[in-house]
2 protein chains.
Amino acid sequence: MNMLKKDRQFRPLPVPSVDVHGLFGERQDAICDSTAETLLDRCVEAGMVAAIDTSRPSPGIVIPIQSWSGSTQMFWDSDLGKSIETVAYSLYRKANPKLEARVDEIIDMYEKLQDEDGYLNAWFQRVQPGRRWTNLRDHHELYCAGHLIEGAVAYFQATGKRKLLDIMCRYSDYLIRTFGRGEGQLRGYCGHEEVELALVKLARVTGQKKYLDLAKFFVDERGTEPNFFTEEAIRDGRSAEDYHQKTYEYGQAHEPVREQKKVVGHAVRAMYLYSGMADIATEYSDDSLTNALETLWDDLTTKQMYVTGGIGPAASNEGFTDYYDLPNESAYAETCASVGLVFWANRMLGRGPNRRYADIMEQALYNGAMSGLSLDGKTFFYENPLESAGKHHRWVWHHCPCCPPNIARLLASIGSYMYGVAEDEVAVHLYGEGKARFEIGGTGVVLTQQTRYPWNGAIHIDIAPEKPARFAVSLRIPEWADGSTLKVNGEPVEIASIEVDGYARIEREWKSGDHVDLDIPLAPRTLFANPLVRQDAGRAALMRGPLVYCVEATDNGPGLNGIRLDGKLANARTSEIVELGDAVALDIPVVRETENWGATLYRTTPPAAKEATARFVPYHLWDNRAPGEMLVWIRSEK
Amino acid sequence: MNMLKKDRQFRPLPVPSVDVHGLFGERQDAICDSTAETLLDRCVEAGMVAAIDTSRPSPGIVIPIQSWSGSTQMFWDSDLGKSIETVAYSLYRKANPKLEARVDEIIDMYEKLQDEDGYLNAWFQRVQPGRRWTNLRDHHELYCAGHLIEGAVAYFQATGKRKLLDIMCRYSDYLIRTFGRGEGQLRGYCGHEEVELALVKLARVTGQKKYLDLAKFFVDERGTEPNFFTEEAIRDGRSAEDYHQKTYEYGQAHEPVREQKKVVGHAVRAMYLYSGMADIATEYSDDSLTNALETLWDDLTTKQMYVTGGIGPAASNEGFTDYYDLPNESAYAETCASVGLVFWANRMLGRGPNRRYADIMEQALYNGAMSGLSLDGKTFFYENPLESAGKHHRWVWHHCPCCPPNIARLLASIGSYMYGVAEDEVAVHLYGEGKARFEIGGTGVVLTQQTRYPWNGAIHIDIAPEKPARFAVSLRIPEWADGSTLKVNGEPVEIASIEVDGYARIEREWKSGDHVDLDIPLAPRTLFANPLVRQDAGRAALMRGPLVYCVEATDNGPGLNGIRLDGKLANARTSEIVELGDAVALDIPVVRETENWGATLYRTTPPAAKEATARFVPYHLWDNRAPGEMLVWIRSEK
């Protein structure tokens, strides 16, 4: 059945085509009510808006002092782009004329700022005007363009207003003239990938293949010899050897992308590159890219990924280190990196549904990514450690403010990640209460999910084509979902008999009134890490459905490393926690060291322990109540 | 019996009065044969000697590039001082005219460099001549003086040559004129403590109390209000708030030293301060200092000390963080800090023998400090982690070269730390093959230890006074040494009946031919950490005698976190490892996860395990053979 796979093109639904309720809907409401406005406020306070306002003086270069309002940054355009994108998605869900007017004002400033030739970059027009295209390796120049393109596409789709889209088309046309293999063109690419996937979005919304071709050019050129970053350094009079990150692995430019087998360097850069590669693979049916991506996917997910879907353990390079090096307390695991993993996983579904990608997409989304935004939508995690001694808390902002708008734009557009539609098939990648509208083979279809997933595994799906039509509905059966059952119009169907790449593929003539019931058991399970992960030795993590659980001091008191799981998960009791939006908590029998040990630091007898109960809550919701210790990997007696 | 304690003054023996054999002797041989010369070579290569050579141009300020030869440092005088001190001790043990001539040449340069007023500092005479005494907080100015004084004292004692001693007396006389509470004097002290303990040494060797008084002035002034560092910053036109270490806790100058109750800041600075305070407490019988030190001692040793005697877990401040925060793999635990803890513990014995201090002195010496020097005396650890994934190795040198000469001078002078002598008592703090010569109440005594300690716990001690004399011999009974036995001239003596503060105190008339046999059982024991040390939860460390043991991949293969102790220590077998200088290894039955787990990163079943044997070797000897993983805290099933 795998032959179905590679010749098809599954594309995500536009955000306005999916209504989202349930857990995702609650997060979207928080974004509409708080985060979207917070992002614009912080952009103003940081000076980003003043930086693009040609009626005000150049902000100049301000040395960062680790304060969110204390420095000018050469990547501020990207933060404005992601904030515009978030606001755009929020406007689909909830009209907000005031917020819309603020974005319109920013767009007007960009219109005034844009050069006659189409160039647009606040830093290189206002702060260092002589330095355009002199250091693509370090200067985030095309990266900024990419985020403004993504913002433009989203804002056009949300409001129908073309101004920013036209600005970014003009800029992209300028990029097409500037970059290429022709005489006088730059044969380069950005040190921080992003523009590749943005150009694919621009191509899809405008129908202009030229933007796809530019994206493909950037992907194809990356890492080829002679290396562009070395050449440009020589041209710029810089020493190519004197590179703060030592090797071009940092930006995945150390070898041609199709030859890369190991996930290396800066985690967000890697995810954005692979996302762009996957888009190009889908659009050009490019098997050589897909093959490289499959190798990289295995490398990441079997050797370098936290159980939360967090990636990139080290702060020093915001990225990858050695295989199986996954420290918990010092985990960097940037929110943006897990967001990027969701992007990549989603795009790996472009050539056909496969739970190999969709399971990880769900895992990274619900854990490593969603942890980045507080329940009220007002505070943010940058790093996402799996253990805290009690001092790690969400920020109001960050001097490098990439994460807040990134998790916000992902969650605000999450409907687009739930489904993939091809000519004769719709794939349901993620479950959650809501409604999707799309066309298959010219027939309009409304697909409605009724479910309390991820809190409950019962999913009722109504499929309502405007007229009877033959197509496939593919429902993801997560690898962990042992014992799932399926009924079509009330009739049991054996999942194994219709399973393709982990999806139950129901191909039939669908008519209004048809419905499917999928029941996914959500019994808690313990996970053990490969023994090569030294930091998790002797420990287990608890999952229920797609959610990683943790213990917090606010429920359990301090001393979380004194808790030992003894495998009695069958006796777990569930309860709903009102302060966490009715999230399902698990109360589990454990052994716990509760002795008053006294003043000695070391002694020859171990601490006494006795039976106790520990409360586990979803990891992504930690630090939403009283501050304190947190722990994912619990000591285990098994 | 405690009333014996506070009115007495126990002073260490001069280094030439103690012959050292056994394990310590082997390390001293390596220092004589390799380290002493290596230190001078590296000082030359780094440019330190050129920096004080007035016949050559000023080295200027070279930006550090993390290379031992790549920068000029304002604390280079201290490295020369410590290297001279090491060479001096090596000359006691083994004459070396070539080495001595090289030091004489350096001393001649210092003589030429010294200002007419007595001032002497390579940096502020040659690199920044206008900046003398402008920033005591950051500039290591008195710290450099202290190390040159220590070098001068040792070199005088070793060779009888007074030149450097006279230079440093002139400089110290200048310091007495410069610092004080009088009109026009600086009421300040150094950001990096050291000069205090050095001045005590100078006072003891010259018999001049004025140097003691200056040391006491520095101790008494520290941390008083108005804070000197703030005042000097204002005078110097600097912002006192703009301090890279944020609070004066970094240099223990946040409050008067007698009010300090918590060990904070830079670990080496703290140890040097407390050492100086303890010397002053002994010399002035100052109970207010002793009381403060006892509180600080408890704070350090019951809340902030690795089982190796390593201290200061964090690289960011080279120092202390939160109570019970003792990460193993990222432990900073600088060699210098454990050396400093040995200094402090030794000086806490100045007011009477007490195993509360001597046990920790031995623990820090044999583990956290001695690990800093390779068996061949040629390479060095700066950080001393308790776990390594295989990439931590000894350096040939370090861009901040404080540790190599520090561990070398400690080991080269270790005889001085083994004994303390008062008017009517000799205390044996450390055991080891060798001979000590001293006077008690005017009677010359030779005390000889015959033992293979720390490899074997049988210690035979001959006490030979030149004529019969009444005095006490106090022998430390380590707190861990359950079941120790004692015989005096062959007659068993019950230790408990004569024990004072953890020492067996044998007071009698001693005559030539008297001997004592002390037998300390060295059965291996497991230690568990206070459960508040989250990093050691579910783990145990193995000790035998004073030595912490570890497992290394070279003996056990990789995957050391798959080893689980199950408490069967009674079945431990000992063997001697030739490549480690006949060190005693322990082969212990364990349970080990040996399964070939496969490619999955996470799964629902734990790794399979089976019975095995693991080889443990002394921690301080790790990384002397094939490189690889190392682990101290082993998973424990108890």
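The second largest cavity has a volume of about 90 Å³. A cavity here is a set of points, on a 1 Å grid over the protein atoms alone, where a 1.4 Å probe fits but cannot get out. Its volume is the space filled by probe spheres set on the points, with grid points joined across faces, edges and corners. The model is predicted: local features need pLDDT of at least 70, side-chain atom pairs count only at pLDDT 80 or more, and totals for chains, interfaces and linings use all residues. Residues are numbered from 1 along each chain as its sequence is written, chains are lettered from A and ligands numbered from 1 in the order in which they are written, and side-chain values use heavy atoms, without hydrogens and water.

The lining of this second largest cavity comprises 13 residues. Thr290(A), Arg347(A), Met348(A), Arg351(A) and Tyr357(A) lie nearest the centre. Lining residues have an atom within 4 Å of a point. By class, five are nonpolar, four polar and four charged. Nonpolar covers Ala, Val, Leu, Ile, Met, Phe, Trp, Tyr, Cys and Pro; charged covers Asp, Glu, Lys and Arg; the others, Gly among them, are polar. In chain A, helices H11 (267-284), H12 (287-303) and H13 (335-348) each supply at least two lining residues. Helices (H or I, at least four residues) and strands (E, at least two) are DSSP runs, numbered from the N terminus.

Of the 14 residues of H13(A), 14 are buried, so this helix is largely enclosed by the rest of the structure. Buried means under 20% relative accessible area, exposed over 50%, and partly exposed in between (1.4 Å probe, protein chains only). The end C-alpha atoms of H13(A) are 20 Å apart, which agrees with the 20 Å that its 14 residues should span at 1.5 Å a residue. The expected span is 1.5 Å times one less than the number of residues.

The whole structure holds 14 cavities of 30 Å³ or more.

Chain B can be laid on chain A with an RMSD of 0.0 Å by a turn of 180° and a shift of 0.0 Å along the axis. That is the relation of a two-fold axis. The same surface serves both copies, as 100% of the contact residues of chain B recur in chain A. Superposition was by least squares on the C-alpha atoms of residues with pLDDT of at least 70 in both copies. Contact means heavy atoms within 4.5 Å.

Some backbone features stand apart. Most residues other than glycine have a negative phi, and most peptide bonds are trans. A cis bond joins Glu225(A) and Pro226(A), with omega about -5°. Pro226(A) sits in the loop between helices H9 (209-221) and H10 (228-235) of chain A. The bond from Tyr453(A) to Pro454(A) is also cis, with omega near 10°. Pro454(A) lies in the loop between strands E7 (443-451) and E8 (458-465) of chain A. Glu318(A) has a positive phi, near 45°, and lies in the loop between H12 and H13 of chain A. For Asp501(B), phi is positive and near 50°. Asp501(B) counts as partly exposed, at 25% relative accessibility.

How values were computed: 1 Å grid on protein atoms, 1.4 Å probe; cavity = no way out; pocket = protein on both sides within 12 Å on 5 of 7 lines; lining within 4 Å.
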